[in-house]
Amino acid sequence: MTLAVPERGVIAPQLYRVPDGAMRALNMSRTLVYDLIRSGRLRTVKEGRTRFVAASAIAEYVALLEREAGGDQ
């Protein structure tokens, strides 16, 4: 599963900061994204003091939602 098809020659980001990209990729509020992180439903990684959400973690979370919804909706 891919999040978006990048334009030719453009590399899609693999790590998203919560306010810069994860919120936009998931179309969710900052509060909801941080709640998902705290609950363990959305994985993150840390580099220095910055917390990132990996593109693969976003894809896994979307797949989880699809499984919970029955996958055929």
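1. Helices (H or I, at least four residues) and strands (E, at least two) are DSSP runs, numbered from the N terminus.

2. The model is predicted: local features need pLDDT of at least 70, side-chain atom pairs count only at pLDDT 80 or more, and totals for chains, interfaces and linings use all residues. Residues are numbered from 1 along each chain as its sequence is written, and side-chain values use heavy atoms, with hydrogens and water left out.

3. Which residues of H2 are buried? They are Val33, Leu36 and Ile37. Seen down the axis of H2, these buried residues fall within an arc of 100°, so they line one face of the helix; the arc is that of the directions from the helix axis to the C-beta atoms. An α-helix has 3.6 residues a turn, so residues three or four places apart point the same way. The cover over the buried residues of H2 includes H1, E3 and H3.

4. After H2 comes glycine 40, with a positive phi near 85°. Asparagine 27 also has a positive phi, of about 55°, although it is not a glycine. Asparagine 27 is placed in the loop between H1 and H2, and it counts as exposed because its relative accessibility is 71%.

5. The largest nonpolar core has 15 residues. Such a core is a set of buried Ala, Val, Leu, Ile, Met, Phe, Trp, Tyr and Cys residues joined through side-chain atoms within 4.5 Å. Among the residues with the most contacts inside this core are Leu26, Val33, Ile37 and Tyr61. Two or more residues each come from helix H1 (18–26), helix H2 (30–39), strand E3 (50–54) and helix H3 (55–68). H3 gives the most to this core, with four residues.

6. Tyrosine 61 is in contact (heavy atoms within 4.5 Å) with Leu26, Met28, Leu36, Arg41 and Leu42, leaving aside its neighbours within four places in sequence.

7. As for the whole protein, there are three helices and three strands, and from the N terminus on the elements run β-α-α-β-β-α. Buried residues make up 25% of the 73 residues. Of the contacts with a separation of 6 or more, 48% are between residues 24 or more positions apart.

Key
Buried < 20%, exposed > 50% of the residue type's maximum accessible area, 1.4 Å probe, protein only.
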